[in-house]
Amino acid sequence: MKKRAVVTVVGKDQVGIIARVTNVLADYKMNIHDISQTILQDYFTMMMIVDTAEEDQIDALLKTFETIETEMNLTISIQLEDVFQAMHRI
Amino acid sequence: MTIAHGEIQETIRMVQMESLDIRTVTMGISLKNCASHDFETVKTSVYNKIVNYAGQLKPVAERVEKEYGIPIVNKRIAITPIAEILGDASVEQAIELADVLDQAAETVGVDFIGGYSALVHKGMTKSDETLLEALPKALASTNRVCGSVSIGTTRTGINMDAVGKLGEVIKDTAELTKHDNSIGCAKFVAFCNPVEDNPFMAGAFHGAGEGEAVVSVGVSGPGVVLNALKRYPDADLGEVADVIKKTAFKITRAGELLGRVVSDRLNVPFGIMDLSLAPTNAMNDSVAEILEEIGLESVGTHGTIAALALMNDAVKKGGAMASSYVGGLSGAFIPVSEDNGMIRGIEDQSLSLDKLEAMTCVCSVGLDMIAVSGDASPETLAAIIADEAAIGMINKKTTAVRVIPVIGKEEGEIVEFGGLLGRAPIIGVKPFSSDKMIKRGGRIPAPLQSLIN
């Protein structure tokens, strides 16, 4: 089974965050399994469970996210799902 | 099972805001089969073996940290104590071998290689003597080679001849690196009851009972523990222990997961998790600040040892539940120069060398990264080691001494080591001599294991 990863996006709310981020995921053919988003005191928080990118594309993906981070002043992270399972489940 | 959003947020917060990281992934490599009567062969086979086994360590670890989004700060190598493969080599050859280790470490891109070591807790072989002779120059002429010497254990007592010699080794190393704040001493540890699978520097070596190669992991996370405690300002001490325990559990699980992935990919067995809380000079990544959060105005004041004992034990309990293979030093480190809170404690004069010694009775290691005035005599340095070794011997625990007599500096001055090693206020040593005791030499007999009061 393909591994899944958790993508989180945090930053000041503005137009087009979801569009930008999900477009990137589509470019890398990463399916989204679950998505949730809230706005807390003007702060946009989104979490997604996605399929992982192809092994050789991770660096490119991280770079693309970095560009979005600087352009839109966001913090984006992507981490394999296992680590959350390990830390929070016995 | 799906993961709750709160849990995702907690992990992200730990990494991004509370300095959660894997402090080190350390590959242990046995060099036993590199021994040879021909020293050129020893040098080539040591270099080749290290580069072959650890060549992929750095790229693989970097890959894993990217995928999991948790930084692996250091990638390191521990090797068989070098004295065991020296044979009849001369002091000059032993120094050459240190250069070979340095080059191998540089080739594979690790920042430290530990194991320029000898185990002399009962007696010294000829090659142990060679290594001890070679140590000052080896530490001074290399950047990445770390050394350690075991001078006592609970079962053998303390080899005071070796302790006396180490006083000289430390002083000589300080002199040889005096242009650089005597930094060579920061790469050397004297141990009582050393462990064979410690992944942390400067005391890492690949023990006699270990296999061909092994990957061990040292987690960290004082910042995470500190922030968790801040959320419970009014909890009683039982609850404080519980918070630390739960946090240690989570940190350990993350560490073990990443360690196992690295070891899988390198096709090297997973060794142990070391649960040590290891501070850094990053903001809020301090063990001292955890003690202060528990309720001390400044670290070193009355109550410090009780708070440290509580914390150390809670970390072990949480970690032991999280991983089946706990080992190494596992507890709390209290280095001075690498912990902003400890530095402040010494500057404010709430923390002293005496109190630090007492703290080592209940925490994982010993006197660590302590800068003392440059005029401390070899005998005084040896006596500091002897005191610390006695604490370890009697309490059946590991203790260590990593002191830096900074040549040319006096009590109250500040010395900057730079990078991970941080900075430290110089502590004065007692003006009274311990010369006679050190000069007596011999062995302190192993202690009784019963009548334990």
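Let me start with one pair of side chains, those of Lys66(B) and Asp59(A), which meet in a salt bridge at 2.8 Å, N to O. Please keep in mind throughout that this is a predicted model. Across the interface of chain A and chain B the rule finds three salt bridges, and, with both residues at pLDDT 80 or more, eleven residue pairs in polar contact.

Which elements of chain A supply the side that touches chain B? At least two residues each come from strand 1 (4–12), strand 3 (43–51), helix 2 (58–72), strand 4 (74–80) and helix 3 (82–88), and of these helix 3 gives the most, with seven residues. Sorted by class, that side of chain A has eleven nonpolar, eight polar and seven charged residues.

Turning to the contact as a whole, 26 residues from chain A and 28 residues from chain B take part, and the area buried between the two chains is about 2,600 Å², with carbon and sulfur atoms giving 61% of it. On the chain A side, the residues that lose the most area to chain B are Met87(A), His88(A) and Arg89(A), which together account for 26% of what that side buries.

Finally, the cysteines. How many disulfides does the structure hold? Over all chains there are zero. Cys34(B) is in no disulfide, and the nearest cysteine sulfur, that of Cys146(B), is 19 Å away; with a relative accessibility of 3%, Cys34(B) counts as buried. Cys363(B) is likewise in no disulfide, the nearest cysteine sulfur being that of Cys361(B), at 8.7 Å, and Cys363(B) is buried too, with a relative accessible area of 2%. For the reasoning here, the cut-off that matters is that the two sulfur atoms must be within 2.5 Å.

Conventions
Residues are numbered from 1 along each chain as its sequence is written. Chains are lettered from A and ligands numbered from 1 in the order in which they are written. This is a predicted model: local features need pLDDT of at least 70, side-chain atom pairs count only at pLDDT 80 or more; totals for chains, interfaces and linings use all residues. Side-chain values use heavy atoms; hydrogens and water are left out. Contact means heavy atoms within 4.5 Å. Buried area is the accessible area (1.4 Å probe) that two parts lose on being put together, summed over both. A salt bridge is a side-chain nitrogen of Lys or Arg within 4 Å of a carboxyl oxygen of Asp or Glu. A polar contact is a pair of N or O atoms within 3.5 Å; within protein, one must be able to donate a hydrogen and the other to accept it, and residues adjacent in sequence count only if both atoms are side-chain atoms. Helices (H or I, at least four residues) and strands (E, at least two) are DSSP runs, numbered from the N terminus. Ala, Val, Leu, Ile, Met, Phe, Trp, Tyr, Cys and Pro count as nonpolar, Asp, Glu, Lys and Arg as charged, and the others, Gly among them, as polar. Buried means under 20% relative accessible area, exposed over 50%, partly exposed in between (1.4 Å probe, protein chains only).
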